[in-house]
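Let's take a friendly walk through this model together. Keep the viewer open, and follow along residue by residue.

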Amino acid sequence: MSTRPVEIAPSVLSADFLRLGAQVSEALEAGVRRIHVDVMDGHFVPNLTMGPLVVATLRPLAERVGAVLEVHLMIAEPDRYLDVFSHAGASAMTVHVEACLQLHRTVHAIRHLAAQPGVAINPATPVAALEEILPDIDVALVMSVDPGFGGQVFIPGTIGKVARLRAELVRRGLEHIEIEVDGGIGPENIRALAEAGMTIAVAGTSVFDPRAPVAENLRVLRAACGFGVNT
Ligand code: DX5
Ligand code: ZN
């Protein structure tokens with residue numbers, strides 16, 4: 001369990017792209033300070049999504065309120081694109097353990113670009129895969145679905161995995177590292193994840209669910225989380 005507040009990071013993958021700016025502005029007005037952009041290349045994951053153009057488009061909205069613009073790079077050879085995402089305005093960049101042959105080099109390249117380095121693990125990748133890189137990163141991202149699509153079903157074993165990662169951070173005095181969880185998060189599981197030690201909840205479908213305004217969806221998520229939500 002963490003005593004830190006939980007931050008909600010809306011994933012724009014589930015936004016209405018005809019109204020992307022308005023939807024992101026609505027989230028920012030509701031107090032969100034971390035916007036999650038899912039970058040997919042059709043190689044590392046079986047889907048194609050957004051690139052630097054979308055990041056550059058969102059940049060002024062995020063900068064106006066000092067929000068973090070985070071790219072989740074679900075791409076092969078992410079090193080090739082760090083510069084371009086940095087120039088587009090990404091202030092946090094997360095790469096996958098499974099996509100990086102020289103992870104230490106990649107993480108330090110992100111740091112060198114003055115962005116927060118994050119490292120993600122897929123559901124079948126053990127927490128131990130983060131062991132050596134933990135001291136070098138700001139964000140450990142635990143995938144709670146296999147990456148590739150929004151709207152997938154949450155994998156329940158993620159809760160225990162988050163608890164094991166939290167225990168490892170405590171044991172090693174690395175509690176400043178954020179534990180971010182991504183995929184299938186909604187009112188029904190956000191509290192258990194927070195209790196296990198999650199500090200950032202990525203949420204796409206549950207934030208941009210068109211049946212209610214973004215601000216109302218955020219309110220429901222915060223209420224379900226129950227304690228310490230700071231956005
Ligand atoms: C999945 C992406 C997630 C996804 C989250 O590959 O990394 O960020 O968009 O969306 P929901 O909340 O709908 O699972
Ligand atoms: Zn993501």
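C225 is buried, at a relative accessible area of 0%, where buried means under 20% relative accessible area, exposed over 50% and partly exposed in between, computed with a 1.4 Å probe on protein chains only. Another cysteine, C100, is buried as well, with a relative accessible area of 10%. The structure holds 0 disulfides, a disulfide being a pair of cysteine sulfur atoms within 2.5 Å.

Before going further, a word on conventions. This is a predicted model, in which local features need pLDDT of at least 70 and side-chain atom pairs count only at pLDDT 80 or more, while totals for chains, interfaces and linings use all residues. Residues are numbered from 1 along each chain as its sequence is written, chains are lettered from A and ligands numbered from 1 in the order in which they are written, and side-chain values use heavy atoms, with hydrogens and water left out.

Now turn to the ligand. Where does ligand 1 sit? Ligand 1 is found in the largest pocket. Here a pocket is, on a 1 Å grid over the protein atoms alone, an open set of points where a 1.4 Å probe fits, with protein on both sides within 12 Å along at least five of seven lines; a molecule sits in such a pocket if more than half of its atoms lie within 2 Å of its grid points. The elements that contribute two or more residues to the shell around ligand 1 are β2 (34–40), β3 (68–74) and β8 (200–203). Of these, β2 gives the most, with 3 residues. Strands (E, at least two residues) and helices (H or I, at least four) are DSSP runs, numbered from the N terminus.

In total, 21 residues surround ligand 1, and the closest are D38, G151, D182, G184 and T205; a residue counts as near if one of its heavy atoms lies within 4 Å of the molecule. Which side chains bring a polar atom to an oxygen atom of ligand 1? One of them is T205, with a polar side-chain atom 2.4 Å from a ligand oxygen. S11 places a polar side-chain atom 3.1 Å from an oxygen atom of ligand 1, and for H36 the corresponding distance is 3.4 Å. The protein covers 99% of the 380 Å² of accessible area that ligand 1 has on its own, with areas taken from the Shrake-Rupley method and a 1.4 Å probe.

E70 is part of strand β3. Is E70 buried or exposed? E70 counts as buried because its relative accessibility is 0%.

Next come two backbone details. Most residues other than glycine have a negative phi. E77, although not a glycine, has a positive phi of about 50°. E77 lies in the loop between β3 and α3 (82–88), and E77 counts as partly exposed because its relative accessibility is 48%. A114 is another residue other than glycine with a positive phi, near 65°. A114 belongs to the loop between α4 (103–112) and β5, and at 71% relative accessibility A114 counts as exposed.

Follow the chain onward to the loop between β5 (116–121) and β6 (139–143), where A128 lies. P126 is found in the loop between β5 and β6 too. P126 is partly exposed, with a relative accessible area of 49%, and A128 counts as partly exposed at 48%. P126 and V142 are 16 residues apart in sequence, with 9.7 Å between them in space, C-alpha to C-alpha. A128 and L165 are 37 residues apart in sequence and 8.7 Å apart in space, again C-alpha to C-alpha.

Finally, look at two helices. I159 is in helix α5 (residues 158–171) and counts as partly exposed at 27% relative accessibility. A196 lies in helix α6 (residues 190–196) and counts as buried because its relative accessibility is 8%. From A196 to R164, 32 residues apart along the chain, the C-alpha separation is 8.4 Å.

How values were computed
A polar contact is a pair of N or O atoms within 3.5 Å; within protein, one must be able to donate a hydrogen and the other to accept it, and residues adjacent in sequence count only if both atoms are side-chain atoms. On a 1 Å grid over the protein atoms alone, a cavity is a set of points where a 1.4 Å probe fits but cannot get out, and a pocket is an open set with protein on both sides within 12 Å along at least five of seven lines; lining residues have an atom within 4 Å of a point.
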